[in-house]
Amino acid sequence: MQEPRKPWWKRLRKGVDTSTEEKLETPDGIWHKCNGCKKALLVTQLRDNLHTCPHCNYHEKIDAEDYFDILFDDKKCEEHFTELRSKDILHFVDTKSYEKRINDAIENTDLKEAMRVMVGAIGGNTTVVAAMDFRFIGGSLGSVMGEKISRAIDLAIERKAPFLIISKSGGARMQESAFSLMQMAKTSAKLHQLAEAKVPYISLLTNPTTGGVSASFAMLGDLNIAEPGALIGFAGPRVIEETTKRKLPEGFQTAEFQLENGFLDFIVDRKELKEKLTKVLNLLKK
Amino acid sequence: MIFLEFEKPIEDLYAQIEELRQMEQKTGMTMADKIERLEHKIKDTREELYSKLTTWQRIQVSRHPERPYTQFYSNYLCNDFVELYGDRTFRDDKAIIGGFGDLNGQTVMFIGHQKGHNTKMRQYRNFGMPYPEGYRKALRLMKLAEKFNKPIVTLIDTPGAYPGEDAEQRGQGEAIARNLIEMVSLKVPVLCIVIGEGASGGALGIGIGDKLLMLENTWFSVISPESCASILWRSWDFKEKAAVALQPTPQELLKYGIIDEIVKEPIGGAHLQPEEMAKTLKKTIIKHLAELTKIDPQTRIENRIKKYSAIGQFETVNV
Ligand SMILES: [Zn+2]
C-alpha cells in the first residue's frame, strides 16, 4: 500500500472531497461519507484504498500530489516549472477580481497553479507527468497551464521520455478569455511536435474532464484512458439539459459511456493504474 | 430593414421619411428637400453611432439577422463555386459548409459556419452550431485541399459547437481536438476570418491557421457573454458586464496580439452593404494568400507552431 508523503491528517485538511459536512469525528477516528454509495468509511481505510470506495469503487477526487505518489517508483520525482504564476492580464472582475481569485487559490491550497509537472520513473520508465489539481480554480486551463504543458513537451522530447497528462478540469479559465481559448491551440501545436518526435503521449482523463480541456489535449492521446465513472464531455450535463430540455439518461458522459462510444482505449482502476501504465510503457518501448 | 436597439434614432428618421413620402402621395406636394436632409441625417447618425460602438452593441451587430454568412461570401467571391457535402462517415452537417471556388484565378477551399436568414433556415442550419460531423467534414475538405495544394480560407461564425446529447455521443470534444492538431500541420496556407460570432472551441475547431483576421463588428472569446454571465454571475442579466470583461472585440484582440488584422466593414455593418463587404473581403483574402503562398510548407508549419507557442501571459517568479 502506498503511504502518502504527508501525515494523513494534513492531507485530510486540504482534501476537496472531504467537506466539513461529510466529516464525522467519532472515538474510532474520522469518517467520510462515500460520494458514490453514501456509506460511511473510515478515512484511514479510504486512504489505504487510494481514495476509492471499497464498497462501490467510487473514485474520489485526489490531488496532483496523490497521483505522483501513486505513480512514481519510490515516490521519487523532480518538479519543474514551479516559477510560473497566473496573471490578471485583462483585469477581469466578476463577483471578485481574477487577481483575488488567484491569490485566494494560492493561499487556500498548497499550490501555485492548477497544474504540476514532475519527472520520475514509472516502473522503471522515465516519464514526464503533468497533473491537474481541481482545488486550484477548478483545474481550469489558462496561460500557465498551457505554458507548463508546452515546456513539459519540450522536456519529454529532449529526454525522449513518454508524456502523461492527468486531466481533471472544468475547462478553460474564463477570466483569461481569448488567452485561455488559445491554450487549446497552443497545446495542440505542441502535441504535433511531440508526435513528430515519436514520443508517446498518454492522456488520463479523471473526474471531471470537460469543456476546452476535453476538446483539445485530453482527447489527443496516443492512448486516451480514464478512471471508472469519471465525467467526460465537451458540454457540461447542465448545459445540455438546458438546451435540449430533457433529462439526461443515467450514465451519460461517464468514462464507460465514452469507452462504449469509441473515445477511450481503456478504463483503468486507480489501484491498477501504475501496473497498467508500466505495462503500456514497456510495450511501447520494446 | 431590421434595426437594432441602439439604432433607434436611425429607425425614427426612416419613419419620418416614410411619413413625408405618404404626405407627398396624398398632397402631391414635393418633399424631396426635406427627405434629402433626413437622408443626410441618417448617414451622419449612423456614422456617429458606429464610430463608438460599445462592446455589447458590436456583439449585437455581429448577430444581426440580415448579416451575410459563409454561403453568400463563397458564392460572391468565387467563380464556379462548387459546394461539397458530408463527412464520409455519418452524415452531412448543415451548420458547416465548404467547397472549392475560383478566387481571382486561384482555386481556393472555402469552409465556414452557416446560419439561416429565416426561422426555417435557422433551424435547418442549427443556428450555426455544428455537430462533430461538421468538424469532421471540415477536416475532410481541408485534407482534400492539401492533397491538391490549394489554399484554405475558413469563415468563422458560430455561437458555439452544439451542446446536445447526440453531439456528445459522437464525440464533440474529440472532433474539435482532432481539427486543432490536424490544422496545425496542414501544408497549404490557411487563412481564418471571423465574420460574425466566434465562440469558444466551436469557433476554434475551424480556426487554426497562419493568420487570424476579424471583421470589424465581430467577437471572439472563450465563451459567449451569456454563458459566462450565467456561470460567473449566476444570471444572464449580467451578459453586458460579462461581454465587457471578456474583451472579445477585434479592436481589443488586435491590441493583445491574438489576431493579425481587422477587416473594415461598411458603415452600419456588413449587412447594410453586403456586396461592399464582400469586395473588401476579397481584396483582403487575395493579399494574404499571395503572401502566404510564398512561404514553403515546412516553414509555414514551423511558423504556426511558433505563433501558437508564444500565446499566453504569465509571470515568472524566483523560486
Ligand atoms: Zn461507495
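A:P208 is part of strand β9, which covers residues 201-210 of chain A. The model described here is predicted. The peptide bond that leads from A:N207 into A:P208 is cis, and its omega is near -10 degrees.

Chain A is split by the domain assignment into domain 1 (1-60) and domain 2 (62-285). Between the C-alpha centres of domain 1 of chain A and domain 2 of chain A there are 23 Å. Domain 1 of chain A gives twelve residues to the contact, and domain 2 of chain A gives 14 residues. On the side of domain 1 of chain A that touches domain 2 of chain A, four residues are nonpolar, five are polar and three are charged.

In chain B, two residues other than glycine have a positive phi. B:R234 has a phi near 60 degrees, and B:Q247 has a phi near 45 degrees.

Is B:R234 buried or exposed? B:R234 counts as exposed because it has 11 C-beta neighbours inside 10 Å, and the limit for an exposed residue is 12 or fewer. B:Q247 is buried, because 22 other C-beta atoms lie within 10 Å, where 20 or more are required.

Note on methods
Residues numbered from 1 in each chain as written. Chains lettered and ligands numbered in written order. Predicted model: local features only at pLDDT ≥ 70, side-chain atom pairs only at ≥ 80, totals over all residues. Helix = DSSP H or I, 4+ residues; strand = E, 2+ residues; numbered from the N terminus. Domains from an automatic or database assignment. Contact = placed C-beta atoms within 7 Å. Nonpolar A, V, L, I, M, F, W, Y, C, P; charged D, E, K, R; others polar.
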